[in-house]
Amino acid sequence: MTTEAKKDAPLGRVIVITSGKGGVGKTTSSAAISAGLAKQGFKTVVIDFDVGLRNLDMIMGCERRVVFDFINVIQGDAKLKQALIKDKRLETLFILPTSQTRDKDALTKEGVEQILAELKAEFDYIVCDSPAGIERGAQMAMYYADEAVVVTNPEVSSVRDSDRVLGLLSSQTKRAETEGAEPIKAQVLLTRYDQARVDSGEMMTVEDVLEILAVPLLGVIPESKAILKASNVGTPVVLDEPSAASRAYEDAVSRLTGTQVEMRIQGERRPGLFQRLFKRAS
Amino acid sequence: MNLFSFVRKPRPTQTAQTAKDRLQILLAHERSSGTAEADYLPMLQRDIIAAIRKYVPIGEQDVDVRMERGDQMSSLEINIELHGAAPPRKPV
Ligand SMILES: Nc1ncnc2c1ncn2[C@@H]1O[C@H](COP(=O)(O)OP(=O)(O)OP(=O)(O)O)[C@@H](O)[C@H]1O
Ligand SMILES: [Mg+2]
């Protein structure tokens, strides 16, 4: 409470992390992106929209501190301020967990709109972790978004679902329905990218995916062991020890905030020649 | 004592154990309370507000309930801002 000088009005930008397909890395990315934004000094809140399957709290490492949730606030059982969990590592980072006991029907457009309006008055970035699918939960998560990060794996069903989601973003959202509004700024975040498998022709390249989806690229996150490790300990990967994945997320975050960063595709550090020879011998 | 422990290579970072510990604590809480826990906290908060209001005027925003679930024990921290209890001050 000492140096909290009142600065300019918050940016109040709503970013949805979505994908259609399940298990492609939305929650991992929501955690990494929100922590990355907060690390850069932006006041950021990350909301779990996956009602009934709470998981963001575990990835953020605050699962033992959940008291009230998103649905409690929508239903008037708690004030927003009481449901927000302050991150223990970053002053500027907050988590709004979801309910473990209700289902997606508890989400109402009015409820979501009101909470987002309150958050926009206080936060620079509001990151919405969407559930998989294209049903109610996913639609609620994207409806009020200003920007979308479409998490995609270089794999046929994921790319196809991303295309579906891009269609929804440009038709079933507030911005799409509002005459004269600027459309949602959608970008692809390619995750679980494996350069070795791309080189051997097993996996689609970045160019292949972009050619099909025809939207700008936010970043390429390599398949990385650092992700599992970070989730084990409940630390967003950008707050853990530096890794190829954390650097790739940091670059993506910089691009989100409008900084030009050269696109570099890093893999997990390749074993050196000596190690490879040693491995073969053993 | 694990018979096979000598076979295992020491891992550089044993984060799997951390994952298991975190899950065990969390799931123990979730299983024991089921849906009950989710519902008692809002009710508890309402009752606390009602009780305090018998003596001092407070708003709903003035109550802050924090929880830290532990292995052996959990702690519930309830902070109540009492505006009227502060030394007399000019209202803002
Ligand atoms: N770059 C990566 N490298 C390795 N593993 C990853 C990577 N990104 C995500 N994963 C792993 O993929 C799995 C799914 O990730 P995550 O939970 O973030 O996906 P999701 O899209 O949120 O899933 P859901 O649709 O169920 O909400 C997790 O086990 C996670 O650790
Ligand atoms: Mg998820």
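A salt bridge here is a side-chain nitrogen of Lys or Arg within 4 Å of a carboxyl oxygen of Asp or Glu. This is a predicted model, where local features need pLDDT of at least 70 and side-chain atom pairs count only at pLDDT 80 or more, while totals for chains, interfaces and linings use all residues. Residues are numbered from 1 along each chain as its sequence is written, chains are lettered from A and ligands numbered from 1 in the order in which they are written, and side-chain values use heavy atoms, with hydrogens and water left out.

**View 1. Asp57(A) and Arg54(A), a salt bridge under cover.** The side chains of Arg54(A) and Asp57(A) pair up at 3.3 Å, N to O. Both Asp57(A) and Arg54(A) are buried; buried means under 20% relative accessible area, exposed means over 50%, and partly exposed is in between (1.4 Å probe, protein chains only).

**View 2. Lys104(A) reaches Asp50(A).** The closest N and O atoms of this salt bridge are 3.1 Å apart. The two partners come from distant parts of the chain, 54 residues apart: Lys104(A) sits in the loop between strand S4 (93-96) and helix H5 (109-120) of chain A, and Asp50(A) in the loop between strand S2 (44-48) and helix H2 (56-60) of chain A. Helices (H or I, at least four residues) and strands (E, at least two) are DSSP runs, numbered from the N terminus. Lys104(A) counts as partly exposed because its relative accessibility is 23%, whereas Asp50(A), at 18%, is buried.

View 3. Lys86(A) and Glu91(A) join their side chains in a salt bridge of 3.1 Å, N to O. With a relative accessible area of 34%, Lys86(A) is partly exposed; Glu91(A) has 62%, so Glu91(A) is exposed. Lys120(A), Asp146(A) and Arg175(A) are linked in a salt-bridge network. Over all chains, the structure holds 20 salt bridges.

**View 4. Helices H1(A) and H12(A) cross.** Two packed helices are described by the angle between their axes and the distance between the axes. Helix H1 (residues 26-39) and helix H12 (residues 244-256) of chain A cross at roughly 65°, and their axes come within 9 Å. Axes are lines fitted to C-alpha atoms, for helices over the stretch in contact, and angles run from 0 to 180 degrees between N-to-C directions. The crossing of H1(A) and H12(A) is right-handed: a crossing is left-handed if the near helix is turned anticlockwise from the far one by less than a right angle, and right-handed if clockwise. On the H1(A) side, the contact residues include Ala32(A), Ile33(A) and Gly36(A), and on the H12(A) side they include Tyr249(A) and Val253(A). Contact means heavy atoms within 4.5 Å.

**View 5. Helices H7(A) and H10(A) pack.** Here the axes of H10(A) and helix H7 (residues 156-169) of chain A are 10 Å apart, at an angle of about 35°. This crossing is right-handed. H7(A) contributes Val159(A), Ser162(A), Asp163(A) and Leu166(A) to the contact, and H10(A) contributes Val209(A), Ile212(A) and Leu213(A).

View 6. Thr18(A), in strand S1 (residues 13-18) of chain A, is buried because its relative accessible area is 0%. Setting aside residues up to four places away in sequence, Thr18(A) touches several residues, among them Lys26(A), Ser130(A), Met142(A) and Val165(A). Ile221(A) belongs to strand S8 (residues 217-222) of chain A and counts as buried at 2% relative accessibility. Ala248(A) is 27 residues from Ile221(A) in sequence, but their C-alpha atoms are 5.5 Å apart.

**View 7. A nonpolar patch on chain B.** Tyr40(B), Met43(B), Leu76(B) and Ile78(B) make up a nonpolar surface patch with about 330 Å² of accessible area together. Helix H2 (36-53) and strand S2 (75-80) of chain B are the elements that give two or more residues to the patch. Patches take residues with over 30% relative accessible area and no salt bridge; like charges are joined within 9 Å, nonpolar side chains (Val, Leu, Ile, Met, Phe, Trp, Tyr) within 5 Å. Areas come from the Shrake-Rupley method with a 1.4 Å probe, and for residues only the protein chains shown count as cover. Ile78(B) is partly exposed, at 32% relative accessibility.
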